Amino acid sequence: MKCIFIVNPHAGESGGAEKLQLAVSKLKENADCEVYLTKAPGDATEYVRSRCKSDPDKELRFIACGGDGTINEVFNGAVGFDNVSVSCYPCGSGNDFVKAFGGAERFMNVEKLISAPAKKIDLLKVGDRYSNNVVNFGFDTTVAITINKEREKTGHGNKNAYTKGVITALIKSMNNKCTVIADGEVLNPSGRLLLGTLANGQYVGGSFRCAPRSKPDDGLIDVCVIKPISRLRFVRILKPYTNGEHLDREDMRDIITYRQAKKVEVKAPAGFAFSLDGEIIYSEHFTVEIAEKVLNFAVPEA
């Protein structure tokens with residue numbers, strides 16, 4: 001098997017790419033490995049897809065080295081190729097996807113990533129794109145947009161940018177206009193919500209366990225819609241939502257609609273934004289479908 005480490009040189013701490021290259025160079029001599037450094041956003045997807053097409057009969061494993069954005073790009077390039085498996089070396093600033101598989105530490109041994117068994121997992125299909133983790137909109141997306149603007153100004157995202165994002169969302173994004181339809185059922189007849197999550201993974205935003213019941217191989221999208229609420233109640237529910245307790249709490253059932261579905265449609269006004277694994281996309285009408293067992297994902301033994 002040929003193992004190709006797809007490295008985002010700008011992810012995580014400075015010097016991370018060099019450390020990984022050193023670790024790869026120390027692998028056993030019979031390990032057939034190489035390292036590819038991405039050059040720009042979207043480059044990982046194009047490179048992985050090109051390699052898959054050029055080696056249709058060879059067993060390939062691509063290991064995404066970076067954060068959730070790098071993982072998403074590699075997954076989008078590898079999806080649909082039966083001779084290909086993927087894994088990840090989560091060294092970025094955000095590593096939400098792997099938390100559903102035991103956390104980042106489980107994926108930090110380079111040698112184990114090469115020999116790890118692969119199993120089929122689902123992805124969320126949004127137009128011609130795939131999400132491996134979460135598609136979300138409303139409050140969370142306003143936070144993400146603010147962070148991205150700060151990153152453009154300063155060259156990096158930090159705690160201050162996140163705080164500014166939350167403050168902005170508390171002012172502007174407590175009552176968002178859109179309608180969510182899951183397998184034909186309108187989940188919010190009022191056409192309003194605080195936030196919505198369509199999940200294949202469990203975590204979003206670094207620490208929020210938005211979809212505690214989600215499994216990436218059950219053939220279902222976990223859908224959660226939270227009604228508009230006061231800022232005071234928002235503060236009260238933040239901790240249980242962060243901990244993933246919100247689906248089981250009696251005192252939150254009046255504001256939460258939870259379903260598992262195969263297809264979800266979202267209709268909204270012009271200029272509406274949603275987040276696909278952290279990437280901001282503007283669309284007033286989009287559909288998310290479950291793509292069952294379309295990717296071979298390698299998880300090291302615990």
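Analyst: Let's start with aspartate 55 and arginine 51, whose side chains meet in a salt bridge at 3.8 Å, N to O. A salt bridge here is a side-chain nitrogen of Lys or Arg within 4 Å of a carboxyl oxygen of Asp or Glu. Bear in mind that this is a predicted model, where local features need pLDDT of at least 70 and side-chain atom pairs count only at pLDDT 80 or more, while totals for chains, interfaces and linings use all residues. Residues are numbered from 1 along each chain as its sequence is written, and side-chain values use heavy atoms, with hydrogens and water left out.

Back to the pair: arginine 51 is buried, with a relative accessible area of 16%, whereas aspartate 55 is partly exposed at 24%. The cut-offs are under 20% relative accessible area for buried, over 50% for exposed and in between for partly exposed (1.4 Å probe, protein chains only). Both residues belong to a network of salt bridges that links Lys2, Asp32, Glu34, Arg51 and Asp55.

Next, glutamate 46 and arginine 49 form a salt bridge, with the closest N and O atoms 3.6 Å apart. They sit in helix H2 (residues 43–54), three residues apart, which is about one turn of the helix. Helices (H or I, at least four residues) and strands (E, at least two) are DSSP runs, numbered from the N terminus. Glutamate 46 is partly exposed at 49% relative accessibility, and arginine 49 is partly exposed too, at 28%.

The structure holds 16 salt bridges.

Now for the strand, E13 (residues 221–226), where six of six residues are buried. In a regular strand, side chains alternate between the two faces of the sheet. In E13 both faces are covered, with Ile221, Val223 and Val225 buried on one side and Asp222, Cys224 and Ile226 buried on the other.

E13 also has strand partners, pairing being called when DSSP finds at least two bridges between two strands. Strand E12 (residues 195–199) runs antiparallel to E13 and is joined to it by five bridges; threonine 197 has cysteine 224 as its bridge partner. Strand E14 (residues 256–261) is antiparallel to E13 as well, with six bridges, and there arginine 259 is the bridge partner of valine 223.
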